[in-house]
Amino acid sequence: MQMQAAILTQPNTPFRIESVTLDPPEAGEVLVKIAASGVCRSDWRVAIGTAPKPMPIIVGHEGAGLVTAVGPGVTRVAVGDHVALSWAPGCGDCFYCYNDKPNLCNSYRQLLASGLQADGRSRIHWNGRPVHILAGLGSFAEYALVRQESCLPVRRDAPLELVALVGCAVATGVGAAMFTADIRPGQSAAVFGAGGIGLNIIQGARLCGAYPVIAVDINDRKMEIARQFGATHCLFSDESAVAEIQALTAGRGADYTFEALGLPSLQERAFDALRPGGVLTLVGTAPADSSTNLPGAIITRTEKVIRGSSYGSVNPPRDIPMLLDLYAAGKLKLEELITRRYRLDQINEAYADMLSGALARGIIVF
């Protein structure tokens with residue numbers, strides 16, 4: 001079948017909207033008609049080459065849609081199901097999956113990194129060339145052909161454009177507060193970066209009962225949004241932020257700090273804002289060739305803890321439906337995340353808006 005897709009042909013060039021050919025699903029594969037796909041910084045890192053991937057490639061990993069066909073052996077979903085797409089599928093049969101850490105399952109990592117299907121071939125073709133897909137998804141296209149393990153059936157009354165956000169930004173941010181950090185009521189949290197991920201860390205901290213919840217950003221426009229999501233205090237991200245966080249936490253520093261952008265300098269500032277014995281959670285993905293200077297002597301003397309958070313430490317089949325239940329109950333903000341909706345042919349404009357700081361979250365709607 002023919003479909004429209006946004007293709008990257010080489011780093012540091014614009015997305016191209018092209019007509020590509022998509023093969024039917026084979027064993028274990030699911031064809032999903034994409035309803036929406038979020039505009040995420042992780043895809044942009046592929047576009048600018050700081051997260052190198054084989055090209056040509058269709059990126060997009062924060063998607064949701066409707067199952068329209070399944071291949072032989074598919075048992076997890078059926079035609080007509082509404083699904084969220086997960087970029088970190090778990091096999092269900094390894095050390096990490098058995099220990100409730102499917103977000104760390106490595107059974108599919110090599111496959112997903114290849115941008116191909118399980119048999120080593122692509123199902124998408126353009127001008128006689130195979131097209132790769134990001135994270136086994138490639139949701140910046142009208143359809144995605146994905147493994148059944150990447151498809152999570154969800155409640156039908158949840159709008160699919162909101163389901164798309166839960167598949168990445170919401171799970172990553174809320175999960176970082178709720179599962180990775182495991183915040184307790186009354187503990188303090190400071191979140192560095194109030195974009196799409198940071199806002200969800202903030203509302204995750206609110207759901208856990210944190211106080212104060214401090215948002216730190218350089219964009220004044222994001223401060224009011226951060227308050228809507230649960231921030232009790234908003235600070236400008238400069239050299240004074242650490243002292244201000246200490247002043248808000250009896251001089252100690254925050255119990256928990258989070259860095260949501262993947263910037264080494266911001267990671268270091270979040271470490272400085274942490275109290276002795278507190279936990280810094282690194283949520284944003286830093287460039288592959290970057291390094292962060294965290295002083296070992298201070299870590300030893302103060303017992304500060306540094307943790308990584310991959311996909312918010314969620315168990316996607318369990319937690320993504322749970323997050324949608326919280327939304328249905330009025331406890332989780334999803335619609336408020338979306339600053340602007342775009343058509344697929346506006347994808348370059350969407351990323352320009354993201355880079356300008358104008359978006360909490362942009363979304364491509366099909």
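**Close-up views of the predicted model**

View 1. A search of the whole structure gives six aromatic pairs. One of them joins Phe95 and Tyr96 edge-to-face, with 5.2 Å between the ring centres and 90 degrees between the planes.

**View 2. The rings of Phe140 and Tyr351.** The ring planes of Phe140 and Tyr351 stand at 80 degrees and the ring centres are 6.4 Å apart, so this pair is edge-to-face. Together with Phe15 and Trp44, they form one aromatic cluster.

**View 3. Helix 10 and its buried side.** Helix 10 spans residues 316–328, 13 residues in total. From first C-alpha to last it reaches 18 Å, close to the 18 Å expected at 1.5 Å a residue. Its buried residues are Pro316, Asp319, Ile320, Leu323, Leu324 and Leu326. These lie on the same side of helix 10, because they cover an arc of only 155 degrees around the axis. The elements they pack against are strand 6 (82–85), strand 10 (151–153), helix 4 (160–180) and helix 5 (196–207). Just after the helix, Gly330 has a positive phi of about 80 degrees.

**View 4. The largest nonpolar core.** This core holds 56 residues, and those touching the most other members are Val170, Ile183, Ile201, Ile202 and Phe258. Two or more residues come from each of helix 4, strand 11 (189–192), helix 5, strand 12 (213–217), helix 6 (221–228), strand 14 (254–259) and helix 10. Helix 4 gives the largest share, 13 residues. Another core, of 34 residues, lies apart from this one and includes Ile7, Val131, Leu359 and Ile364. In soluble globular proteins, nonpolar side chains tend to be buried together.

**View 5. The surroundings of Ile201.** Which residues is Ile201 in contact with, leaving aside its neighbours within four places in sequence? They are Gly173, Val174, Ala176, Ala177, Val191, Phe258, Ala260 and Val283. Of these contacts, Phe258 is, like Ile201, among the core residues that touch the most other members.

**View 6. Gly196 in helix 5.** Gly196 is part of helix 5. With a relative accessible area of 8%, under the 20% cut-off, it counts as buried. Not counting residues up to four places away in sequence, Gly196 touches Ala169, Leu337, Ala360 and Arg361. The C-alpha atoms of Gly196 and Ala360 are 5.1 Å apart, although 164 residues separate the two in sequence.

**View 7. Phe271 and Lys304.** Phe271 is a residue of helix 8 (residues 264–272). Its relative accessible area is 2%, and it is buried. Lys304 lies over the face of the Phe271 ring, 4.5 Å from the ring centre. Beyond its neighbours within four places in sequence, Phe271 is in contact with Leu280, Leu294, Pro295, Ile298, Ile299, Lys304 and Ile306. Gly80, 191 residues away along the chain, has its C-alpha atom 47 Å from that of Phe271.

**View 8. Arg318 over Phe179.** The charged end of Arg318 sits over the ring of Phe179. It lies 5.8 Å from the ring centre.

**View 9. Two cis peptide bonds.** Met55 and Pro56 are joined by a cis peptide bond with omega of about 0 degrees. Pro56 lies in the loop between helix 1 (41–47) and strand 4 (57–58). The bond from Tyr211 to Pro212 is also cis, with omega near -10 degrees. Pro212 is in the loop between helix 5 and strand 12.

View 10. Most residues other than glycine have a negative phi, and most peptide bonds are trans. Asp100, which is not a glycine, has a positive phi of about 60 degrees. Asp100 is placed in the loop between helix 2 (95–98) and helix 3 (109–114), and is partly exposed at 36% relative accessible area. Asn127 also has a positive phi, near 50 degrees. Asn127 lies in the loop between strand 7 (124–126) and strand 8, where it is exposed, with a relative accessible area of 66%.

Technical notes:
Residues numbered from 1 in each chain as written. Predicted model: local features only at pLDDT ≥ 70, side-chain atom pairs only at ≥ 80, totals over all residues. Heavy atoms only, no water. Helix = DSSP H or I, 4+ residues; strand = E, 2+ residues; numbered from the N terminus. Expected span 1.5 Å × (residues − 1). Buried < 20%, exposed > 50% of the residue type's maximum accessible area, 1.4 Å probe, protein only. Arc of directions from axis to C-beta. Contact = heavy atoms within 4.5 Å. Core = buried A, V, L, I, M, F, W, Y, C linked by side-chain atoms within 4.5 Å. Phe/Tyr/Trp six-rings, centres within 6.5 Å; stacked < 30°, edge-to-face > 60°. Lys NZ or Arg CZ within 6 Å of the ring centre and 35° of its normal.
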